[in-house]
Amino acid sequence: MDDDLVLNLAADDFPAPRKSAGAKGGRWTDRLKAKRVTKRKVTHEPAAQHTQDVEDHNPRPEKRARTEGAQKPSRPAPQVQSSSGGGAPKTAAAPAKPTQIISSLFTSNPKIAAPKAAPISKPSTSTKPSNAALDFTTFEGLGLNPLLISHLTNKMGIKRPTGIQRAALPLMLPTPTNAEARDVFLQSQTGSGKTLSFLLPIIQDLLPLSSLSYIDRSIGTLAIIIAPTRELAKQISDVLEALLKMRLRSDEDANGDSENSQRMTRWLVSGLLIGGATRTHEKARLRKGCPILVSTPGRLLDHIQNTASFNVGKCRWLVLDEADQLMDLGFEETITGILKGLDGRRRLALNAIEEGRSTEVGGWDWDRPRRTVLCSATIRESVQKLAGTALVNPLMIKATEMDKDEHDLLVKSSAQETSTSLTPPSQLSQKYVIAPLKLRLVALLALLRTLIAQSSGGTKIIVFLSCTDSVDFHFNLLGGSQMGTDAPEEVVEESDSDEDDEDDEEAAEKRRKRRKLSEDTVESKCALLPDVSIYRLHGSLPTATRQRALKGFAGSKSNGGSNSKRAAEPVSTTSSILLCTSVAARGLDLPLVRAVIQYDLPTEGGPTEYVHRIGRTARAGKGGEAWSIVAPSEAEWAKWVVDKMEGEEGADGSSANNKKISLEPVPFETVLQNGYGGKGKEYEMRATEVQLAFERWVLRNPENATLARKAYLSHMRAYATHPSNEKHMFHIRHLHLGHLAKSFALREAPTKVNAARTAKSKAPHPASKKRDSKSASVPKGKSSSKQKAQYDSDSDDGDAEKRMKAMVRAQGRLSRKGGAMMRTDTSEFQIMGGDYLEKLVKGQ
Ligand SMILES: Nc1ncnc2c1ncn2[C@@H]1O[C@H](COP(=O)(O)OP(=O)(O)OP(=O)(O)O)[C@@H](O)[C@H]1O
């Protein structure tokens, strides 16, 4: 295996030894090289003879003979070169020009034990949804203000509470029977309505203040909601805005939705701090007053520490949404800073009053403590740790089994919950496809085609990929590929073409413009997926681009604004696909998502991340499908993830949580057959044509080829970051890198990919030079163990999102050391300014 890795990456370029292995004298490097070549001959030749014996046990296929020239799908071109060891060709002289390798998709793949064939089905409607509104209860009787009930019912289309709302509202609403305002730990499945579970009590608590004579927004900030990402903060803010549109009088009193009917809460204004605006602008808004504030953590701490006019001493509510992601992203120290900052501001305000320096009006109930709420769909150790720091004598409110009756609503009075909670919604059907690496790309397209064809239009699908480069590549690839184009194409020469272009300033300028245009593009159309809009989302895109992408994908144009999306979902007939990284895994509530495809399984967060990702569909009782595309060497993953979701097994074989979760295997042949149609094995020819269309796109111009190579390399690096307890399933050594390259539509053998990267790093392109040279090929002659070490350790290079996460962690370390907060800027995680962080990460 290790040898294969070496050979895939570097051996083709290995210079011939000057002397035979047994030769003495000469330079020691030459002797060493000669020895290696001899060893390789000895080890590989016999290996070829027992290929058949090992094939069944080895998830990584033996390397097959290469074919050259035009590909004939049904009859592969004659073999011209034997490369079972990947070494230099055994035929005459090496070609003078770089060789385009075109290999057949359907040969030399590992054997995959056929799962019991299952047809691709529509989302299951037979299972009772576990995160839907309950049909045995209403909001009346839970203590909710009738005006809020009326607003929810008439304006937001929400008539009955979900399980978590039914469990949480009576304990969190400020009713006479519920005088003790205890901290709360809220946990329930994805899409079960946790947002309203904390927003409704906050609003109901603040409403009575409207009767105070002095009340206006200058009262300061009374409630703060913290979310880990900008997108999530914006989404919560939208729901809050929708709630605050409530009227002073009920519809009956106001003769329906009269224009004269006043907003109930003129002073109850919400604010959003996510770093899109300048600091000065944000300061001005805070000075005016924002009674309810939604923010990302870094920005909030920044203002608590540095904005004198931020009146936050009277804060009564603090909500930490997606608490485990806040911890995973390294915000623990920031949260601690916020808690300390809020306490400090309160003390300062009280001191000022005692010393008669305060301008505060009297009558405020300063004795009432602040109430903190932690919210998550999953509970991990890190969250329990945060609960220990942030919560005092908390109530644990869970609602994980809502499909039976009201007795299943579980309310615990402590946060000492030991079992992890990883239950996906019961109505969500989970499937996986073990696809040979070479067939991944065509399998993805086939699956997308099937899912789109099955719905009556307006369907939405989220596809998770491993890294930003891969998102960019697939976005451009799908947007640019065409079938049956025989127009002459500009074939990428690996050698000097880039340098030549660089000499031509006009060409370089054109290229820069093209690149810029493609960075700003959020939507594309794919000839292979008619009437479908494709969007992309990842952390390296500018904020405005990300927001446009989400808006476009959610179909907000036909929705009349995001606030109303729960009440009236879009009637868009255009289907859309969102290609994204894990940045879209948590909290996002995008309407009408029919399916989630994990093209790349999560590299961080394991089963927890899996549950959050698949939770973007099957929300609030709706159906949905979750698909995972799994490599043959990862086949064990399906059982592993099910075991984790069900909880550890007891000695009797029963699962700890008594949950029954299943992941249904679907043969890749079924996926291809459904996606490409035709009789018998006709789908093989069609899939091959699609693959050729993708490969032609990559060959069309140097930019496309660069995108493909970058994506390939970044994907490998991301893959190498799977934690050690997953390495038995996800290890770069288990992957056939040549086949993996095929799934990035690359015709080059991996050596060529790397050679091209090396050549690029020499090219005088200022923007890419540094990064390319860092992320380029393994230098010739490096040992396999060194290569592995490089892949295992260089995980962040060339992948802005990974680097961003590392920066966030660095921020945690920094605030622990110095307590200083930095300028927040454009990162998705709302942390310090990019330049500063780059330096910090590099240790400058
Ligand atoms: N009582 C209800 N009846 C019907 N729909 C509801 C109800 N409460 C919330 N919803 C809708 O359910 C969807 C999911 O809600 P929300 O985003 O709050 O879920 P969540 O539990 O926070 O999910 P996640 O854990 O993924 O963040 C939203 O579209 C919301 O409008």
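An open sheet of eight strands runs in the order S13-S14-S15-S12-S16-S17-S11-S18, with mixed pairing. Strands here are DSSP runs of E with at least two residues, helices are runs of H or I with at least four, and both are numbered from the N terminus. Two strands pair if DSSP finds at least two bridges between them. The edges are strand S13 (523-526) and strand S18 (663-665), each of which pairs on one side only. Neighbouring strands of the sheet are turned by 25° against each other on average, direction ignored. Within the sheet, strand S11 (residues 428-434) pairs with strand S17 (residues 624-630) in the parallel sense, over seven bridges. Lys-431 stands opposite Trp-627 in S17.

The model is a predicted one: local features need pLDDT of at least 70, side-chain atom pairs count only at pLDDT 80 or more, and totals for chains, interfaces and linings use all residues. Residues are numbered from 1 along each chain as its sequence is written. The protein chain holds 28 helices and 18 strands. Of its 844 residues, 48% count as buried. A residue is buried if 20 or more other C-beta atoms lie within 10 Å of its own, exposed if 12 or fewer do, and partly exposed in between, with C-beta atoms placed from the backbone. Two residues are in contact if their C-beta atoms, placed from the backbone, lie within 7 Å. Among contacts between residues at least 6 apart in sequence, 76% join residues at least 24 apart.

Strand S8 (residues 371-376) is largely enclosed by the rest of the structure, because six of its six residues are buried. Both faces are covered. Arg-371, Val-373 and Cys-375 lie on one side, and Thr-372, Leu-374 and Ser-376 on the other. Strand S3 (residues 184-188) runs parallel to S8 and is joined to it by four bridges. Gln-187 has Ser-376 of S8 as its bridge partner. Strand S7 (residues 317-320) also pairs with S8 in the parallel sense, over four bridges.

Helix packing was examined next. Helix H20 (residues 668-676) and helix H21 (residues 682-700) have axes that come within 9 Å and cross at roughly 75°. H20 is therefore roughly perpendicular to H21, a term covering angles of 65 to 115 degrees; under 35 counts as roughly parallel, over 145 as roughly antiparallel and the rest as oblique. Axes are lines fitted to C-alpha atoms, for helices over the stretch in contact, and angles run from 0 to 180 degrees between N-to-C directions. H20 contributes Leu-672, Gln-673 and Tyr-676 to the contact, and H21 contributes Tyr-683, Arg-686 and Ala-687. By class, four of these residues are nonpolar, one is polar and one is charged.

Leu-477 sits in helix H14 (residues 468-480). Leu-477 is buried, with 24 other C-beta atoms within 10 Å. Leaving aside neighbours within four places in sequence, Leu-477 is in contact with Phe-694, Trp-697 and Ala-745. Leu-477 and Leu-134 are 343 residues apart in sequence and 44 Å apart in space, C-alpha to C-alpha.

An unreviewed UniProt entry lists residues 137-166 under "domain: DEAD-box RNA helicase Q". This span is 50% helix and 0% strand, and its end C-alpha atoms lie 8 Å apart.

How values were computed. Ala, Val, Leu, Ile, Met, Phe, Trp, Tyr, Cys and Pro count as nonpolar, Asp, Glu, Lys and Arg as charged, and the others, Gly among them, as polar. UniProt positions are given in the numbering used here, feature names are shortened, and annotations may be inferred rather than shown by experiment.
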